[in-house]
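Please look over the structure shown below.

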Amino acid sequence: MVPYARRMEYMAFTANVVKGLFGSMTDPNIISFGGGSPARETLPVDTIRQLADEVLRTDGRGVEALQYGPIEGVRDLREVVVRELLAPKGVSCDVENVLILSGGLEAMNLVCQAFIDPGDVILVEAPTFVQSVEIFDMFEARCVSVAMDDDGLIPEDLERKLRENRPKMLYTIPTFQNPSGRTLSLERRRAVAELAERYDVLVLEDDPYRDIRYSGEELPPIKHFDATDHVITAGSFSKIFSPGSRLGYVAAEAGVTRQLAAAKSATNSHTSMLPQILCAEFFKRGFYPAHHRRICDLYRRRRDVMLRCIDRYFPAGTKHSDPDGGLFTWVELPGGIDTTDLLRESTADPAVNVAFLAGEGFFSDRDGQGKNCMRMSFGNTPEELIEEGVRRLGGLICSKLK
Ligand SMILES: Cc1ncc(COP(=O)(O)O)c(C=O)c1O
């Protein structure tokens, strides 16, 4: 047997965690609060069928859609990012700063290709998005955790870790964070940008949920405060258009964008043309604002039901985050309940049959943090099933505390 490359060993542990986290998500009889998919009702199937019919003509954009395309992405989709997604949030940039990606996750890969050597330190939040850690492992980076509270990562701990570890990069998910649903406060966004400048460290701002805010005040991205080009901001079309289209983007200083484009060229030449063109037309023809209102209304209702039901059915002493957007809440259970065991029981017991993601796997330090925590997604579950699932799960948890 030919040996696998060394990097596969490096990432094996995290890959197993990811497999364990998502392993129970396939049973159709389960009420699942586990996955992070957008609601099936939000996918603009009819609009896309109509657009595809118009676009896929030789006198339309049919040839362009089926031909090779530019590494940086289709120009009018880059313009959409600049004009409709970044400018309204307070990030002013030009098309030259934007690179279209094959899904938001590609940002982590390309940034690592361009900046990370084996042994480099990457600061990550505790908890963080494990699939990004899998990518950091693949590049043989060393992840060091920064503590969080309800307002996101804690600047004092960040500064301590910057001083102690001399990292190359901070990876942060500042808005409706996956998995915690927490949002970095305005003051802390400014503080992160200032610390990045002072310690000359790159910030990868992974912000795929920033466009699905349905309550509270809009906050500018960290990139808004970046006077010295230390911040790369990444976004995604997965939650506002379609995850299967695999579309995302990064915006950075033009030289950095060129380096990322070089890495992309060596990876997959460019992002698929057909989804890019359909997405660009979807925005340019003005479908987005009404679509956006509709998805935000849906998620607001689902969030409200989930939080109300957790308060009602989970035992006293339970804490949960109060997200103003996104798809998740993070729940901390009282009484030393281990959520990995709880998940096993709740999916094995036909009277419960409810899935969620156990908290421990989201902590890259693997030091036992998060054992009593769980990520509960309300995005892709209808309201009546949210109520039923939380009621059943709450019953199981309460019975374990007796
Ligand atoms: C924090 C975070 N980053 C990146 C992604 C990747 O999104 P995409 O589907 O655009 O690759 C996700 C998806 O769930 C996510 O939660």
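**Nonpolar cores**

The largest nonpolar core has 68 residues, and those touching the most other members are Val 98, Phe 237, Phe 283, Phe 314, Met 374, Met 376 and Val 390. A nonpolar core is a set of buried Ala, Val, Leu, Ile, Met, Phe, Trp, Tyr and Cys residues joined through side-chain atoms within 4.5 Å, where buried means under 20% relative accessible area (1.4 Å probe, protein chains only).

- Helix H11 (residues 288–313) gives the most to this core, namely ten residues; helices are DSSP runs of H or I with at least four residues, numbered from the N terminus.
- Domain 1 (18–44 + 290–401) and domain 2 (68–284) each supply at least three residues to this core; the bounds come from an automatic or database domain assignment.
- A second, separate core has 30 residues, including Phe 136, Phe 139, Ala 141 and Ala 252.

**Basis of the model**

- This is a predicted model, in which local features need pLDDT of at least 70 and side-chain atom pairs count only at pLDDT 80 or more, while totals for chains, interfaces and linings use all residues.
- Residues are numbered from 1 along each chain as its sequence is written, and side-chain values use heavy atoms, with hydrogens and water left out.

**Ligand site**

- Around the ligand are 13 residues (a heavy atom within 4 Å), and Gly 104, Asp 206, Tyr 209, Ser 236 and Ser 238 come nearest.
- A polar side-chain atom of Asn 178 is 2.8 Å from an oxygen atom of the ligand.
- A polar backbone atom of Leu 105 lies 3.0 Å from a ligand oxygen atom.

Key. Buried < 20%, exposed > 50% of the residue type's maximum accessible area, 1.4 Å probe, protein only. Helix = DSSP H or I, 4+ residues; strand = E, 2+ residues; numbered from the N terminus. Polar contact = N/O pair within 3.5 Å; in protein donor to acceptor, adjacent residues only side chain to side chain.
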